[in-house]
Amino acid sequence: MSARMTMSSGLRETLSTAAAGGRIADDDAVIHLPAARSVDLMPIAESLTLEGFGASVTYSRKVFIPLTQLCRDVCHYCTFAKAPRRLAAPYLSADQVRAIVRAGTQAGCKEALFTLGDKPEQRHAAAREALAALGAASTLDYLERMAQLVLEESGLLPHLNPGVMERTNLERLRRVGASMGLMLESASERLCRRGGPHHGSPDKAPAARLATLDAAGELGIAMTTGLLIGIGETRRERIESLLALRKIHERHGNLQELIIQNFRAKAGTKMAGAPEPGLEESLWTLGAARLLFGARMSIQAPPNLQPDGLLDLLRAGVNDWGGISPVTPDHVNPEAPWPHLRDLARATAAAGRHLDERLALVPAFAQSCERWTDAAIGVRVRRLSDARGRARSDAWYCGSGSPIPSRSGGAQVVPTARRVGSSSRLSGILSAARDGRELSEADIVRLFSVDGADLDGVIGAADALRATTVGETVTYVVNRNINYTNICLYHCGFCAFSKGRGSTDLRGPAYNLDLGEIARRTVEAAGAGATEVCLQGGIHPSFTGQTYLDIVAAVKTAVPQMHVHAFSPLEVWHGAATLGLPLAQFLGRLREAGLSTLPGTAAEILDDEIRAIICPDKLRTDQWLEVIRAAHAQGLRTTSTILYGHVERPVHWARHLLRLRALQAETGGISEFVPLGFVHMEAPLWRKGRTRSGPTFREAVLMHAVARLALHPLIKNIQASWVKLGPDGAAACLEAGANDLGGTLMNESITRAAGGVHGQLLDARQLIAIARGLGRPARQRTTLYGRPVGDDRISPVPSTAIRPSMVI
């Protein structure tokens, strides 16, 4: 008779509840789950894990700082705690902590894990004497000081394992720790009785440990916790322990991760001869934990404790390998060295998964660090994070001039033309995109989540779609930017270009070009071969709709044949409002004055949740769309943009793309899509610590690739901005779905004001060289992707052709 046939109806119903994403009731868990086998739990656990985390398996690159190995507890399995006579000193000195942290920094670590015994001064005179010599009132006082040292002298994030604590100490340590850890180990009081592994260890009392976790939840502290299995507990007791933790998590949401750690017998301990739990016990407990906590809980199994069972551990519900140190040993399990990251990545890949680095906070908690960390630590978390809450995967920063990631080693994202292959989970999405069908929000988020072979598959699919849609030719326009004022009424948090009247803060003074200077620059641009001038500026308090009409007239009077590409939707909205005109009427007057097209800037992120943070006084999403829709109705075509890499997440990118696609399906008036990476260096919100440090290179490449797929076939042209990406970054995006390099610009003000270093000009020869470096032809275009008169020539636009101006 099959196992399925012998399974009780109660267990079958319990497993069905979990498989459907439901919550298993406490009584059902206690009664039915102990009778399950690991093979009953693992398929459901793996499915839930993939639902919550996709193919990603995370780890944290850390240093292990054993601040003291003295402890008042006498756990019968522990070799970490030692008697004072066996230690060179009761506590690590500040210089020893510094040395560990410096070695970790050099090795690329981002987490400083402090582990220590519980309240050793209550047991050992040596601890009391050492603390007095250090000028510390307690072990926790010294821990606070050393964590502060890490924050002040490095970029590492402290993760603190200080043991059982009162609320006041939790509050103190929250200011210096990104997260904390306290293993429950077991909720069984039986294990604390005479003969049990926790007898004589007051800090292992389950009620005390649960109270600490509960108080941490009340204080908004992200806690890592879990079970130590195989120390004499029963399966029922493990379920009861997991349920006790679930109760806390359902109350506060503060348990960032569960660790299921298997007991290892160690020589010199009272449990040296105790049997170790087999892999089956780990798999059963992991599966039960996943079913009880659902798809979103991060669940870890230390890979150094069961190195031969990694594939099975992943199938049982693991999505995280925990901290891995390239510098320090595992002081708790010194007999089990950390795996080499390359070996761990290979083992993870063998399960069809991908290894990704995280911070001390797991990704979901890093994304909401304002809830879980002190404000100053939250700044560090944001600056170390990508849009998914993981550790930044490269040292590239938008606009900074930093080199793009190497083709060799690590998780590189430099695309290779015509990459093929992706997992079966992606094939349906890519097929729908190729067919031109609208993708769902979840589909697009999935595309933005890819790594490893799936990343290659998305990039390859986007590049192949580009080739079949617009061909091999790389286009560019010879144009000039004229940013006529940087004085602005609005206070966008991402903008370092905007100044108050007379302001000299940040990069350069406030300015306002007169019509004569605008005309002069237009004539100069025409002389250098430009077919377009792009005009945008701040919302000057004196500007009205007439100002914008006068600017267009000045350009057309100076050079009648010049294409005028001008005015963001915010400027159009402002102009119409100041003249008391409907949008359609004002846009009609601009068209009659000579306006040809509009830039689709000021879009930022078309989601009001994000706009409320980065530009709260700017146009709402519906107002931006209203202006663009009205422009199209007047026969004025527009571009479209996105500003990414600040506070938004991939779901907001998906919503943005879908709103653009819907608008284009309605009007057909968008000529191109231009991803604009956030240049953070001088941005006000970044300086205040409220944003990430721009997109990673992976995110920049993916933005172009996913845009090609999600907007197909409605928006055919995807532009790579050399000002944001640099020439090498732009070239990489041309192999990931982009087909256009934008303009020569001649003058560029906005990105430079934010700290960008890629300059004001790439002339036609330089743009052509980027394309030829990829083996692709290049062609000058008009603003609307036509062929300019005499396009067989190369417009030289030498850097000396444009007179530099100190005000832009």
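Okay, housekeeping. Residues are numbered from 1 along each chain as its sequence is written, and side-chain values use heavy atoms, leaving out hydrogens and water. Since this is a predicted model, local features need pLDDT of at least 70 and side-chain atom pairs count only at pLDDT 80 or more, while totals for chains, interfaces and linings use all residues.

So, the sheet. It's open, with 3 strands in the order S17-S10-S18, paired in parallel. Strands here are DSSP runs of E, at least two residues, and helices are runs of H or I, at least four, both numbered from the N terminus; two strands pair if DSSP finds at least two bridges between them. S17 (740–743) and S18 (778–781) sit at the edges with a single partner strand each, so one side of each has no neighbour in the sheet. S10, residues 474–477, is joined to S17 by 2 bridges, and Thr475 stands opposite Asp740 in S17.

Now the helices on it. H29 (722–734) lies across S10 and S17, at about 155° to S17. H31 (764–773) lies across S10, S17 and S18, at about 165° to S10. Contact there means heavy atoms within 4.5 Å, and angles run from 0 to 180 degrees between N-to-C directions, with axes fitted to C-alpha atoms, for helices over the stretch in contact.

Residues making the contact include Leu242 and His249 of H10, plus Trp284 and Phe293 of H11.
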